[in-house]
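Kindly read each point with the structure in view.

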Amino acid sequence: LEHIHEYSGSRLRGAVFGVGWSPKKDDKQKNLLLSLLGHSEPLVIAEAIDALRHSDYGDLWPRIEPLLRHESPYVIGAALRYARFALPPEQALQILKDALPNPDSIVRQNALDELGDLGDRRALEFIRPFCDDPDPDVRQAANTAYETIAEVSKEREQP
């Protein structure tokens, strides 16, 4: 942890990933990850958000929420993943729904992936139009989310 600020690029992202998956959780680790939310490299910020999520720091939404308006689709995608993890389902559903019209396909894909993982049947009406999205990755995410929610709904209906 003491040397992480000496790294850059893919080495820094790899180190942040490792911190996020470390079984050790403490304030030093948490503060390091929080300090990276202001990093100049968007992929480092995204990795820091994901590391906070993997470290089960679910109480940081006030620090993550402003990143939904970041210029990088990778940062926004990480913030969407964090929202589904940290927020009550109703609130996460609204945030994910609001991200769907984003012009960047990476953001749409992340929102659809998280809607599928949320498993809320009400999301089906929001997902359906993206099954015909011009981007093939978005179409795949929409179809997968739709199928996942349909399967979860069937499982819930069975006694």
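Is Leu118 buried or exposed?

1. The model under discussion is predicted. In this model Leu118 has a relative accessibility of 16% and therefore counts as buried, since the cut-off for a buried residue is under 20%.

2. The place of Leu118 in the fold should be noted next. Leu118 belongs to helix α7. Leaving out residues up to four places away in sequence, Leu118 touches Arg84, Pro89, Ala92, Leu93 and Leu96.

3. Two packed helices are described by the angle between their axes and the distance between the axes. Helix α5 (residues 73-86) and helix α7 (residues 105-118) have axes that come within 8 Å and cross at roughly 10°. That angle makes α5 roughly parallel to α7, because angles under 35 degrees are classed in this way. The crossing of α5 and α7 is right-handed.

4. The residues that form this contact can be named. From α5 come Pro73, Tyr74, Ile76, Gly77, Leu80, Arg81 and Arg84, and they meet Ile106, Val107, Asn110, Ala111, Glu114, Asp117 and Leu118 of α7. Sorted by class, the contact of α5 with α7 contains eight nonpolar, two polar and four charged residues.

5. The axes of helix α1 (residues 9-21) and helix α3 (residues 42-54) cross at roughly 10° and come within 8 Å. Helices α1 and α3 are therefore roughly parallel to each other. On the α1 side the contact is made by Leu12, Arg13, Val16, Phe17, Gly20 and Trp21, and on the α3 side by Leu43, Val44, Glu47, Ala48, Ala51 and His54. The residues of this contact comprise eight nonpolar, two polar and two charged.

6. Which residues have the most contacts inside the largest nonpolar core? They are Leu37, Ile49, Leu52 and Ile64, in a core of 52 residues. With neighbours within four places in sequence set aside, Leu37 is in contact with Ile45, Ala48, Ile49, Leu52, Arg63, Ile64 and Leu67.

7. A final point concerns backbone geometry. Most residues other than glycine have a negative phi. Asp56, however, has a phi near 65°, which is a positive value in a residue other than glycine. Asp56 is found in the loop between α3 and α4 (61-64). With a relative accessible area of 58%, Asp56 is exposed, because the cut-off for an exposed residue is over 50%.

Note on methods
Residues numbered from 1 in each chain as written. Predicted model: local features only at pLDDT ≥ 70, side-chain atom pairs only at ≥ 80, totals over all residues. Heavy atoms only, no water. Axes fitted to C-alpha atoms, helices over the stretch in contact; angles between N-to-C directions. Helix = DSSP H or I, 4+ residues; strand = E, 2+ residues; numbered from the N terminus. Parallel < 35°, antiparallel > 145°, perpendicular 65-115°, else oblique. Left-handed = near helix turned anticlockwise from the far one by under 90°. Contact = heavy atoms within 4.5 Å. Nonpolar A, V, L, I, M, F, W, Y, C, P; charged D, E, K, R; others polar. Core = buried A, V, L, I, M, F, W, Y, C linked by side-chain atoms within 4.5 Å. Buried < 20%, exposed > 50% of the residue type's maximum accessible area, 1.4 Å probe, protein only.
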